[in-house]
Structures are given as C-alpha cells and as structure tokens.
Amino acid sequence: MKRFKLLVAVFLAVVLTAGIALAGTLEEVRARGHLIAGVNGGVFGFSMPDDKGVWKGLDVDTARAMAAAVFGDPNKVKFSALTAVQRLPALQAKEIDVLCRNTTQTLTRETINGLNFAHVNYYDGQGFLISKKLGIKSAKELEGATVCVLPGTTTEMNAADFFRANNLKWKPVVIEQTAELNKAFFAGRCDVLTSDMSQLAAQRSVSPNPAEYVLLPEIISKEPLAPVVRHGDDQWFDIVNFTVMAMINAEELGITSKNVDDMLKSKNPEIQRFLGVSPGMGKALGLDDKWAYNIIKMVGNYGEIYERNVGPNTQLGLDRGLNALWTEGGIMYAAPFR
Amino acid sequence: MVTDENAIQADASLPEKVPFWLDPQKRAIVYQIGVLCMFGLLAYYLISNTLINLEKQAIATGFSFLNKESSFEIGETVIPYSAASTYGRALVVGALNTLKVSFIGIVITLILGTILGVSRLSSNWLVSKIAAIYIEVMQDIPILLQLFFWYAIFYESLPSPRQALNPVHGLFFCNRGVIFAVPETHPAHQYILLALVIGCIGVYFFRRWAKKRQDATGQALPVFRISIGTIICLPLITWLVFGAPIKMDVPELTGFNFKGGMTLSPEFIALLLGLVLYTAAFVAEVVRAGIQSVSKGQREAAMSIALKPTQVLNLVILPQALRVILPPLTSQMLNLTKNSSLAVAIGFPDFVSVANTTINQTGQSIEGVALIMAVYLIFSLSTSAFMNWYNKKVKLVER
C-alpha cells in the first residue's frame with residue numbers, strides 16, 4: 001500500500017507542477033523574481049561575460065532593459081548561454097523566457113517553429129572572413145574552399161545557397177561551440193569563416209592576429225536579429241517588443257540615461273506619455289507606468305547601448321549603418337507610443 | 001511471498017474460503033493491474049499534454065519534414081548528398097557516418113585491446129609495465145578531453161595544405177587531413193573483389209570438410225596455412241591475369257585543397273583515434289580478466305596430453321576465456337558506438353550532429369530526438385543480437 005500511495009503522490013505532483021506552468025510568462029517571471037534570458041555567451045560586443053564575470057553586450061543590455069521594464073531593476077535577469085543548436089528548443093521547452101541571441105527572423109521560425117520575433121535590435125548581413133595570405137578578393141573565388149560554419153544557423157543554409165547559386169564546390173566544417181569553431185578557423189582548419197558581419201568583426205577583434213584577416217566585400221544575406229518569444233502569449237510578446245522599441249523611441253525623442261530625469265519635466269505630451277508622467281502606457285502592457293523611464297534610466301536608449309557595446313569607439317568599431325535611426329539614414333524606427 | 005503462497009496452499013484443507021484481499025496471489029494481481037493503469041494514465045497524460053502544448057505554440061508535428069529539401073551541406077558523406085537532397089537523406093548520411101566510424105573503430109579496438117590485454121600478462125617486465133601504464137592513463141582521462149586533444153594536435157601542429165608534409169610519394173599530412181593515393185579505378189577491381197569473396201566462401205566449406213575429415217579419420221590438415229593461401233592467392237592471380245594494373249590516383253594541390261586520392265579528415269581521424277585508444281584500454285582489461293579466469297591447471301593438463309601450443313590456445317584456453325570475455329566486450333562495443341555521438345564536439349558529421357542541425361532548421365525537436373533514440377537503439381540492439389548469437393555459439397555445451 002505504501003508503494004501505491006507513493007505512486008499517487010508522484011502522479012499528483014507531476015499533474016500539479018504541469019498545471020502551474022500553464023500561467024502567463026509575465027506572472028511566471030514575477031513569481032520567480034527574475035527573468036531568464038538565453039544569450040550566445042561567446043560573441044564579444046553582443047553577449048559575453050567580461051574578465052570579472054559581468055555579462056556585457058548589445059543582446060545582454062536588451063535583456064536587462066526587459067528586466068528593468070518588469071521589475072524596475074536591470075539586474076533581475078539570469079543569462080543562460082546557449083549554442084545555436086540549443087537555443088530554439090530551449091525557448092520552446094520554456095527553459096528561458098526570452099531569447100536574445102543574435103537570432104535571425106525567418107518565416108519558418110515564425111511559423112512551424114512556433115516563435116514570435118520582436119522588433120529587430122540589430123540589422124546584420126552574412127559575410128566571409130579570410131586570411132590575407134590566401135590573396136582572395138571576392139567570395140566568388142572560393143571554389144573548393146573549406147568553410148567553418150556554426151550548425152543550426154541561417155548562416156549554414158545561406159552559405160549552402162550561395163555556393164549552390166554560384167556553382168562552387170565547398171566543404172563545410174561544422175562545430176557546435178562558437179569558441180571551438182573559432183579556434184579551428186584561426187588555427188587554419190578552414191580557409192574561410194562565415195557568419196554575420198558583426199560576429200565576424202567580433203571574432204576577428206579577439207583573435208591572435210586581427211590584422212591578418214580581411215572581410216570579403218560580399219554580403220550574401222539579410223539577417224534581422226531580434227529577441228524571440230514563444231507563440232501564444234501575446235502580453236509577453238508585447239512587453240518584449242515594446243522594450244526594444246522604447247529604447248529606439250527614446251533615441252528618437254532625444255532622451256538618454258543622463259537627461260531622463262530632466263525630461264520628466266518636459267512639456268512635450270509625447271515625452272510625458274512615454275515616461276509615464278501622463279499614465280496609461282505601462283498599464284496597457286501590464287507593467288508599471290514608469291517602465292520606459294526605468295529602461296532608459298537604468299540601461300539607456302538604443303544609441304547609448306550601441307555605442308557602449310559595438311560602436312565606432314569600441315574594440316569592434318562597427319558603424320551604425322542600417323542600425324542608425326530612420327531620421328539619420330538607417331532603418332531603426334519605432335511604432336508610436338500612444 | 002512465495003512462502004505465503006505455500007502456506008495458503010498447505011492450508012487448503014481449511015473449511016473457510018479465504019477472501020480475495022487476504023490472498024497474496026490475488027492481491028499481487030490487483031497491484032500489478034493498478035500499477036499498469038497508473039503507468040498508462042501517466043503516459044497518456046504526458047503525451048496529450050505535449051500535444052496540447054505543441055498545438056498551443058503552433059509548432060508543427062509529424063515526420064513530413066523528412067521529404068523537404070535540407071538546404072545544408074554535410075562535410076563527409078558515404079553516399080552522394082548535396083544541399084538539394086532531403087532531410088531524410090541527410091539523416092541517412094549521418095547514420096552511415098556513425099556506422100562507418102563505429103565499425104572501423106570496433107575492429108581496430110578489438111585488435112589493439114587484445115594485444116594490450118595479452119601484453120599486460122606478458123612475462124616481459126617492460127612490455128607488461130608499458131601496457132599497464134597505458135591502460136591506467138587512458139581509462140582515467142574522459143573521452144571528450146581526449147577527442148579535443150587529438151583534434152587540436154591535428155589543426156595546431158600540422159601545416160596548411162600548401163606546406164603539407166610529404167613523407168613518401170602520394171602521401172600528404174596537413175591540417176586538412178591525411179591525403180593519400182589510391183589505385184585508379186580499373187575493371188579488374190570488381191573481379192579481384194569477387195575472387196576474394198569466392199576465396200572466403202571456399203575456405204569456409206574447406207574448413208568444415210577438414211573438420212569432418214579429422215573427426216572421422218583423426219588426420220589433421222594444415223588448415224590455417226591453406227586458408228590464408230587461398231584468400232591471398234585467388235585475388236592476386238586475378239590481378240595478374242588482368243595485367244597487374246598499378247596506375248595510382250595521386251592527390252594534387254589545386255586551389256585551396258587537394259584533388260584526387262583519398263582524404264581522411266582531421267575530424268574523422270581525431271574521433272577514431274579518441275574512441276579506439278580510450279575503448280582499447282577497457283577491452284584490454286576485459287581480455288586480461290578472461291585469460292586469467294582460465295586456471296593454470298587447464299593449460300598444464302592440455303600440455304600433458306601433448307597438444308601443441310597453438311592447439312592449447314585454440315582448443316582449451318580461448319573457448320573458456322571467450323565465455324568470460326564476450327558479455328563485457330559487447331558492452332564495450334556498445335559504449336564505443338554510443339560515445340561516437342561526441343563527434344558533435346569536434347565537428348564530425350555523425351548522426352547526432354546531422355539530427356541536431358535538422359532539429360534546429362525544422363524545429364521538430366520531439367521527432368528528431370525520437371529518431372536519434374531509435375537509431376541508437378537499432379545500432380545497439382543489432383550489435384548485442386549478433387554478440388549474443390556468437391556468445392551462444394561459444395558457450396560451454398553441456399552434455
């Protein structure tokens with residue numbers, strides 16, 4: 001009888017825990033006390049712990065902004081480093097609340113993978129990194145090359161498409177861990193490393209001899225990188241989506257982490273609505289009306305996090321390019337906050 | 001429980017009928033049914049819950065993705081494959097790669113493991129100590145570490161293709177792998193293969209006949225020498241008949257890489273080395289245990305009836321040692337096959353690696369993981385089925 005009771009207990013425990021898991025993501029995150037964000041963990045400038053173990057990067061700051069919006073504290077977020085192959089199943093299996101891991105928005109991922117992509121936080125494109133010694137000037141000269149590529153990425157498929165379209169033979173070497181793949185490339189296992197341009201720049205900047213490598217001129221794909229959530233929780237999707245847009249909107253309005261307190265006194269109704277001086281926007285999302293204020297005050301606007309992590313004055317030195325505001329020649333554009 | 005049962009049966013003479021809840025046998029049946037129902041409910045709950053959740057997140061289910069175009073490349077393939085092939089074919093390519101590395105790995109491991117196991121028992125102090133040190137060291141280092149080590153040695157220490165080491169004509173070592181010349185395709189090859197097969201079949205029947213003859217007449221033939229001779233000579237004669245073609249397909253450096261010849265990639269070699277060197281240490285211990293399990297008296301007895309040393313080994317020691325060796329050896333072979341899935345870490349496109357990519361590109365994790373489990377189950381079950389059959393064959397026949 002004892003065994004029988006035990007079985008019943010186990011059975012009920014399974015049923016009950018499964019029942020709890022059916023609540024909305026926002027309630028779950030609040031009940032847990034912190035957000036869990038999936039990140040890359042190996043791309044300098046996007047998500048990587050620094051030498052003191054503090055997570056740094058554009059994707060990391062995006063996740064911090066979400067924590068600021070939900071909790072009013074950018075540090076209430078735990079980062080989970082995921083490989084390209086692990087990331088989507090981890091999100092689908094609810095191991096993480098949001099994926100900020102330079103993930104490209106595609107039709108397949110939006111539909112049959114059951115995911116929703118929020119506003120893009122980095123517009124990228126795929127390129128090739130190659131040793132100067134080989135004397136290659138264009139990707140079209142890569143006949144017979146060995147190419148290092150991460151498995152489970154759009155990069156892997158774009159490369160296959162590119163070589164097929166140009167009728168070139170090639171040999172992929174796919175290694176799941178970013179660090180191992182880069183080690184193999186810089187040791188000469190492959191002729192070419194292919195990935196998003198931003199990532200290639202990041203890997204080159206931390207390589208033993210950055211000056212020995214060049215990026216080929218071809219950009220073979222569009223890579224809109226965006227935070228991702230699961231299908232079926234619209235409230236959570238809205239929060240993630242508008243967190244990214246709040247950072248862009250703040251830059252459009254000229255609000256920075258430094259002047260945000262002064263901006264509270266602004267007479268501009270748009271700014272008043274945005275910062276919660278005139279209430280309503282936060283409540284609509286199920287958050288505190290101070291949510292956008294908290295994001296800007298604690299993390300910064302989009303321009304600030306860009307400059308801090310990947311901008312021209314950092315080790316990466318990436319120009320704003322497509323990622324500049326629409327008013328400055330880029331395509332970063334936020335929906336109106338009203 | 002058994003004693004209870006007996007007690008009840010012994011008490012059958014009692015007039016009163018035992019109520020079913022006091023009858024341990026019937027009670028046991030009720031428990032069994034109860035547990036079975038619970039298990040069924042649990043399984044039903046888990047499956048339906050999964051399906052509901054998948055539907056809620058609008059994740060597609062089913063195996064129809066297998067017919068879609070894969071649009072990713074695979075570095076090493078046994079059968080023709082391109083990015084235009086289907087996911088199904090990609091998975092077959094992965095499974096064949098796993099089979100390839102496991103099969104070659106098992107064969108080399110058995111040979112190396114046996115040599116090491118015998119060396120460990122050698123009366124030569126140096127040989128036995130070297131074997132002992134090898135076994136202890138290799139058993140203690142996790143296999144993943146060993147894989148990284150061999151892989152790193154390859155790409156860190158060997159030069160690029162343009163400066164490839166070329167110790168003998170037609171053989172190159174570089175960080176793209178080992179490239180060597182192979183005989184150019186010639187119609188004679190299929191006939192040589194045919195001759196080899198015919199030789200093997202012939203030897204099989206010859207051995208049966210020789211054994212029967214020995215049983216009947218007591219006369220022994222030099223079976224081993226005749227067998228080896230047949231297997232070698234038949235293909236050799238065929239080769240000579242076709243004019244002894246010796247033209248080789250020599251690899252040449254063109255553009256980025258070598259063309260022609262045959263290439264063993266660093267990933268494949270590193271994986272094979274890691275698996276073989278690691279598992280051989282365990283196999284060596286299994287072999288040693290088997291040989292030591294045969295008592296000294298057996299050997300002495302065999303020698304005292306004037307058997308030759310090879311006969312002592314083949315007719316007395318091995319049949320008994322094999323009975324001890326085979327079951328743990330089977331599990332080492334299964335270990336090697338399963339450990340080959342660590343290939344993911346060093347980029348060899350084995351089944352897990354290809355299945356992971358497929359899961360990621362299609363989002364069909366549950367189906368993908370189910371496929372991985374099914375494939376490894378099939379590999380493992382067929383290995384153990386074969387080994388069990390062999391085990392039955394060599395086990396002590398009781399008369």
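How many residues of domain 1 of chain A are in contact with how many residues of domain 2 of chain A? Let's find out in the views below, which show a predicted model.

**View 1. Two domains of chain A meet.** Chain A is divided into domain 1, made of 11–123 + 225–328, and domain 2, covering 126–221. Here is the count you were asked for: 17 residues of domain 1 of chain A are in contact with 16 residues of domain 2 of chain A. On the side of domain 1 of chain A that touches domain 2 of chain A, you will find 9 nonpolar and 8 polar residues, but no charged ones. Taken over C-alpha atoms, the centres of domain 1 and domain 2 of chain A are separated by 29 Å.

**View 2. Helix α9 of chain A.** Follow residues 234–253 of chain A and you trace helix α9, which has 20 residues. From its first C-alpha to its last, α9(A) reaches 27 Å, close to the 28 Å expected at 1.5 Å a residue. Because 16 of its 20 residues are buried, α9(A) is largely enclosed by the rest of the structure. Just after α9(A) comes Gly254(A), with a positive phi of about 75 degrees.

**View 3. Where chain A touches chain B.** This contact takes 38 residues from chain A and 36 residues from chain B. On the side of chain A that touches chain B, the elements giving two or more residues are α1 (2–20), α4 (84–92), β9 (145–149), α6 (154–165) and β10 (170–174) of chain A. The residues on this side of chain A divide into 20 nonpolar, 9 polar and 9 charged.

**View 4. Helix α7 of chain B.** Now turn to residues 223–241 of chain B, the 19 residues of helix α7. The helix reaches 27 Å from its first C-alpha to its last, close to the 27 Å expected at 1.5 Å a residue. Look for Leu234(B), Pro235(B) and Thr238(B), which are buried in α7(B). The buried residues of α7(B) pack against α6 (188–217) of chain B. Gly243(B) follows α7(B), and its phi is positive, near 85 degrees.

**View 5. An open sheet in chain B.** Three strands of chain B form this open sheet in the order β1-β2-β7, with antiparallel pairing. Strands β1 (171–174) and β7 (262–264) of chain B stand at the edges with a single partner strand each, so one side of each is left without a neighbour in the sheet. Neighbouring strands of this sheet are turned by 15 degrees against each other on average, direction ignored. Strand β2 of chain B, residues 177–180, pairs with β7(B) over 3 bridges.

Methods:
Residues numbered from 1 in each chain as written. Chains lettered and ligands numbered in written order. Predicted model: local features only at pLDDT ≥ 70, side-chain atom pairs only at ≥ 80, totals over all residues. Pairing = 2+ DSSP bridges. Helix = DSSP H or I, 4+ residues; strand = E, 2+ residues; numbered from the N terminus. Axes fitted to C-alpha atoms, helices over the stretch in contact; angles between N-to-C directions. Expected span 1.5 Å × (residues − 1). Buried ≥ 20, exposed ≤ 12 C-beta atoms within 10 Å, placed from the backbone. Contact = placed C-beta atoms within 7 Å. Nonpolar A, V, L, I, M, F, W, Y, C, P; charged D, E, K, R; others polar. Domains from an automatic or database assignment.
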